Amino acid sequence: MTCAPVIESVTFSGVEDYFGESVAAKYDESSAEMFAPQAVDPVVEVLAGLAGAGRALELGIGTGRIALPLAARGVPVSGIDLSSAMAARLRAKPGGDAIDVTIGDFATARVAGAFSVVYLVYNTIGNLTSQEAQVACFRTAAAHLEPGGCFVVEVGVPELRKLPPGQTVVPFDLSATHWGFDRYDVSTQSMSSYHARVADGRGEFRAIPFRYVWPAELDLMAQLAGLRLRSRWENWDGKPFTHDSEQHVSIWEKPLG
């Protein structure tokens with residue numbers, strides 16, 4: 001087996017793009033379970049309901065996993081993404097050319113107009129690797145929202161309870177073709193996801209940095225941005241969030257007036 005370590009990133013406006021061409025080319029295939037109807041339909045149902053007759057803005061729009069079916073529901077969708085390679089995949093799909101995508105850092109980039117819903121799904125807020133950037137993201141979302149509009153975030157709960165004393169690594173996938181591990185640094189709230197894949201006799205290694213964030217910390221970021229919590233669920237079907245939940249869908253609203 002030939003092992004070819006790949007840690008690909010491109011600097012853009014002071015931040016790193018870890019989703020370049022080599023990742024974009026295989027992204028949909030490697031995340032196939034997240035493109036399945038059972039993963040996509042509940043998300044689109046919630047977002048379409050929040051958007052109503054208004055517009056939606058996706059931060060980290062990627063290849064259009066959520067944006068395209070949401071647009072197919074009649075919701076005008078715009079997006080922001082750092083990766084031009086991912087955006088190119090979106091534009092090449094049916095309906096993709098009707099979605100306006102701004103290439104830039106979604107923590108600070110601005111799009112013209114106001115939106116009924118701004119959303120950030122599939123742990124993407126963790127791609128912002130500092131608290132400062134995550135706070136800026138909430139302010140950016142709030143600036144795009146019309147009064148009464150909502151900011152929606154889907155993200156995992158940090159799995160620190162799985163770490164015994166002295167251990168920093170938690171495996172999240174161990175299959176015949178993929179090994180995945182998260183490494184935590186509790187002193188900085190930084191983490192890195194490591195992926196080792198084997199296909200067609202070749203090996204590939206990727207490492208992507210994240211910053212994990214707690215629900216209460218997100219609520220404070222929302223408060224600083226002038227937003228208030230409306231709902232928090234364990235999943236898109238509205239299951240109640242509890243102390244055992246491994247992820248959450250949180251909805252903050254911009255007050256009227």
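Arg-230 and Glu-253 pair up through their side chains in a salt bridge, with N and O 3.0 Å apart (a Lys or Arg side-chain nitrogen within 4 Å of an Asp or Glu carboxyl oxygen). The two sit 23 residues apart, Arg-230 in strand β13 (residues 228-233) and Glu-253 in strand β14 (residues 247-253); strands here are DSSP runs of E, at least two residues, and helices are runs of H or I, at least four, both numbered from the N terminus. This is a predicted model, where local features need pLDDT of at least 70, side-chain atom pairs count only at pLDDT 80 or more, and totals for chains, interfaces and linings use all residues. Residues are numbered from 1 along each chain as its sequence is written, and side-chain values use heavy atoms, leaving out hydrogens and water.

**Around that pair**
- Arg-230 is partly exposed at 42% relative accessible area, while Glu-253 is buried at 16% (buried is under 20%, exposed over 50%, partly exposed in between, with a 1.4 Å probe and protein chains only).
- Arg-228 joins Arg-230 and Glu-253 in a salt-bridge network.

**Other salt bridges**
- The whole structure has eight salt bridges.
- One of them joins Glu-45 to Arg-73, with the closest N and O atoms 3.0 Å apart.
- Glu-45 lies in helix α4 (residues 37-51), and Arg-73 in the loop between α5 (67-72) and β5 (77-81).
- Glu-45 is partly exposed at 48%, and Arg-73 is partly exposed at 45%.
- Lys-239 bridges to Glu-234 at 3.3 Å; Lys-239 is partly exposed at 42%, whereas Glu-234 is buried at 17%.

**Confidence**
- Mean pLDDT (the predictor's per-residue confidence, 0 to 100) is 89 for the chain, and 92% of residues reach 70 or more.
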